[in-house]
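This report walks through one protein chain, part by part. Please look at the sequence and the structure below, and keep them in view while reading.

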Amino acid sequence: MGFYQEPDNRAKLLPVSYNEWEEKAKEILAAGPFGYVNGAAGAGDTMKANENAFKRYQIRPRICRDITKRSMEISLFGNKYPVPILFAPIGVNSIVHSEAEVPAAKAAASLGMPYILSNVSTVPMEKVAEVMGDAPRWFQLYPPKDRELTKSLLKRAEKAGFSAIVVTIDSTLLGWREQDLRNAFLPFLTGQGMGNYFTDPVFLSMLDQPPEEDLKGACQKALAEGNNTCFSWKDLEYITQQTELPVLLKGVTHPDDALLAAEHGAAGIVVSNHGGRQLDGAIATLEALPSVCEAVEHKIPVLLDSGIRRGADVIKALALGASAVLVGRPYIYGLAVAGEAGVKAVAENLIAETELQMAICGRKSIEEIDSSLVLKM
């Protein structure tokens, strides 16, 4: 759609480390798309804090343990998954790849890893579900202001075989993102990321003219619905009442909010600060994780995203109480560099590194990873 630049020559050998993927993506993408993925709020202090928090914890391994037979399997909401890693919801994949969300969804399906489809995907949820077959998938919801639209999106997700709803509540207003401002880049205004809105009968009924006749008006209406600054705990409760699927609340960093989320029907929590893209100077997710787990007394799953780059990061998050982690920017860089193969390579590398880390720690399963494994320096 004008933003993706097809590279003349892709490297025959794919990158390995996160930094290599990032550098390669920067070479391939135009400034606007790369800045959108790479950028953060304000000075970027929250994004830096997310990554630096992992460095403050060190792993203390145990030795002389039989680690011959290993398993990274976890269970969430009655479903078993092969690894404690999920694909985080990231919207407008069309700015980095011509097939948008489809390659990432296919890669996730091939690995059996849950793929969390963004509410603002360019490809509508039904098409993503079609390419994934029976593979596990969750749907992210930016709760609209209109309750009928909320119900419609939830029912569509249920019908399309999504098995959980991730209500993201830390971006009812877009953060101060200087790279996007510098590049004058907001892909939603060109119709990208509108796949679920432009195929929703309730949303279409809200428009004076269909998107093909008034694209700008339709995009602005969708953005206005997503900027739900009046969302309250009662609204979360309403969402949980409209679906039989487990509802997770994403964007929690305060223990009091975690407790309120559980009280108002959340079946799980995602400790997240939107990858540092929303509030500059905010607490790192890893630093927030222990208090959130303590607040809910481990009665509901607590997942973590923002800052996961390596296997050691995964191990540290699990040791501090996370049931699983979400990975975001790394797989998007993989998508930009090599499409489905790139996403799969990023995930496979992270899985392999995590399993190796777990084994060298003297643990043979996720259940054996606990707080005794890490020390804060």
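Predicted model: local features only at pLDDT ≥ 70, side-chain atom pairs only at ≥ 80, totals over all residues.

Although Val 327 and Ser 306 are 21 residues apart in sequence, their C-alpha atoms are 7.4 Å apart in space.

Arg 309, which lies in the loop between β10 and α13 (311-319), has a relative accessibility of 13%, and because the cut-off for buried is under 20%, Arg 309 counts as buried.

Which way do the residues of strand β9 point? In this strand, residues 268-271, Gly 268 and Val 270 point one way while Ile 269 and Val 271 point the other way, and all of them are buried.

Strand β9 pairs with two strands. With strand β8 (residues 247-252) it runs parallel, joined by 4 bridges, and here Leu 249 stands opposite Ile 269 in β9. With strand β10 (residues 302-304) it also runs parallel, joined by 3 bridges, and Val 271 stands opposite Leu 304 in β10.

## Helix α12

The buried residues of α12 are Thr 285, Leu 286, Ala 288, Leu 289, Val 292 and Cys 293. Seen down the axis of α12, its buried residues fall within an arc of 140 degrees, so they line one face of the helix. The spacing is in keeping with helical geometry in general: an α-helix has 3.6 residues a turn, so residues three or four places apart point the same way. Just after α12, Glu 297 takes a positive phi of about 55 degrees.

## The chain as a whole

The chain contains 14 helices and 12 strands. Its radius of gyration is 20 Å, close to the 21 Å that the globule rule gives for 377 residues, so the chain is as compact as a globular protein of that length. Taken along the principal axes, the box that the C-alpha atoms fill is roughly 70 × 55 × 40 Å.

Of the 377 residues, 58% count as buried. The largest nonpolar core has 122 residues, and within it Tyr 115 and Trp 138 have the most contacts; helix α14 (residues 329-360) gives the largest share of this core, with 14 residues. In soluble globular proteins, nonpolar side chains tend to be buried together.

## Cysteines

How many disulfides does the chain have? With the cut-off for a disulfide set at two cysteine sulfur atoms within 2.5 Å, the count comes to 0. Cys 64 is in no disulfide, and the nearest cysteine sulfur, that of Cys 361, is 15 Å away. Cys 64 is exposed, with a relative accessible area of 81%, and Cys 230 is also exposed, with a relative accessible area of 56%, whereas Cys 293 in α12 is buried.

Key:
Residues numbered from 1 in each chain as written. Heavy atoms only, no water. Buried < 20%, exposed > 50% of the residue type's maximum accessible area, 1.4 Å probe, protein only. Pairing = 2+ DSSP bridges. Core = buried A, V, L, I, M, F, W, Y, C linked by side-chain atoms within 4.5 Å. Arc of directions from axis to C-beta. Rg over C-alpha atoms; globule rule 2.2 N^0.38 Å.
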